[in-house]
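Please open the structure in the viewer and display both chains.

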Amino acid sequence: MPGAFEGETVSRRRFMTGVAHSAGGIAAAAFTLPALGFALGPIFQREPFDWQILGKPDDFTELVYETKVLTIVEGIGEAGKSIAYVRKRDPAIDTEPLFSKNGYVLNNYVALSSRCMHLGCPVRYVEAAERFICPCHGGVYNFRGEVAGGPPVRPLDRFYTLEANGYVYIGPRYSVNSELDRFSPRDPGEPLDGIGQYLYPSRFDTSVLPPTNNLPLPPQVPGT
Amino acid sequence: MPLPKLMKGAAPAGTDLGGQEVLHPVDAATEAGLTVVDWIDERTQLTPGVRWLMFRKVPKGINWAYTLGSATLFAFLNQAVTGVFLAMYYRPDVNGGAYESIRNINDNVFLGQFVHGMHKWGASVMIILIFLHMGRVFFFGAYKYPRELTWIIGVVLLILTMAMGFTGYLLPFDQRSYWATIVGVNINNTGPFIGPYLGDFLRAGPEFGATTLSRFYAIHMLLIPGLMAALIGFHLYLVTKLGISAPPWLKAKEPESVVEVVEV
């Protein structure tokens, strides 16, 4: 090694330079890495979601969508609220299969998210046309929430529903492809047919189906 | 023994009683200023740098289009200054406090509506100026060798300015800014593979949540402005170092020594 003393494999100047650079690098990493983790942490943190009471079974029919407000994010007021359009499942037109969990039959009520699958504006249900219409870019969905026209890339998202304690409960969101097969929740604008389900993989932080053994009890009615 | 004090005007103008010259107060103040400048300059040696930056040779035929870069710089400075003072009153509280603080700025704070307006309209002015500046550089061919890096940094600055517009749009936190941000984040999500995670990063979660607003605020007023200030500094260094390109209609004159005159 040129410049090194007898029997040494590296010159002392080179060694000192390396030590100084390493020390600087370690010092910079000591504040950069935690800060980066701070910023990226939420991507990997799964958000909890609890069943919420929507109403009584009598509130819903097969023919009319009820507009229900639910809380998606706690503690941030109006910004954390969202809308579900809910009706009773009609076996004559709703061909997607039911499934059961812990003895509960899930999705006996169809709860469509108001989030448009083009870019996330809120759709409204137009009763006369039996269509969901988005005000932003003209997305249209039919009675089952399937795309009937405009730019949306997949049918409206849905919420899990179940009936217990004489009440209808609403759970977390899930996404569907054009066959109404269930997928973990995706953001708007992400198609799930064909290659789409691989281009837009599921995420680490979306809510999963919460346990059904711990449903919130309905409010006490005074005098009963 | 000190001499007795004489009436004003007893000594000739410009001298004291001992016959020494005295300075007029205005001259003395000028002198004091120069002394301070000299004191700083002797320790910093800044004069050559300032001269290098300010007194440059510019090509013949430059016109008003060459001032668009400076105009963009001043638009940036306007945004920086008004933004700093808006931050004194703004509160990134997602539970209605953000909207209330903007309403307070507009309705109650002295000159609040004006400063807010300067920031809001200045943002649009900056976008317009940056595109005009970019158009000037493009159509004059000023991006060519050796100024490619200046162009690349300029494009990064354009993207950062757009990101400033995107993050700043949410801050008033009214219906328009909320839904515009929902749509904007969802556009980010449509990028294949990393899009969904990019959206989660911007929102700090799968939904618009409790920290989305403060995250946008931090990006808007700390992260990007710092980055932009550094890049603008480097951009200006390159402009000074490489000089300004001549307008394309100005033909470079061949020196007479290389022109061969042929008698026919």
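Select chain B and chain A together: they bury about 2400 Å² between them, 62% of it on carbon and sulfur atoms. Buried area here is the accessible area (1.4 Å probe) that two parts lose on being put together, summed over both. On the side of chain B, select B:Tyr197, B:Pro206 and B:Glu207, which lose the most area to chain A, together 24% of what that side buries.

This is a predicted model, in which local features need pLDDT of at least 70 and side-chain atom pairs pLDDT 80 or more, while totals for chains, interfaces and linings use all residues. Residues are numbered from 1 along each chain as its sequence is written, chains are lettered from A in the order in which they are written, and side-chain values use heavy atoms, without hydrogens and water.

Next, display A:Arg203 and B:Asp200, a salt bridge whose closest N and O atoms are 2.7 Å apart. A salt bridge places a side-chain nitrogen of Lys or Arg within 4 Å of a carboxyl oxygen of Asp or Glu. The count between the two chains is 4 salt bridges.

Finally, turn to B:Phe173. Together with B:Phe208 and B:Leu213, B:Phe173 has the most contacts inside the largest nonpolar core, of 30 residues. Such a core is a set of buried (under 20% relative accessible area, 1.4 Å probe, protein chains only) Ala, Val, Leu, Ile, Met, Phe, Trp, Tyr and Cys residues joined through side-chain atoms within 4.5 Å. Apart from this core lies another, of 16 residues, including A:Leu112 and A:Tyr141.

Technical notes: Buried < 20%, exposed > 50% of the residue type's maximum accessible area, 1.4 Å probe, protein only.
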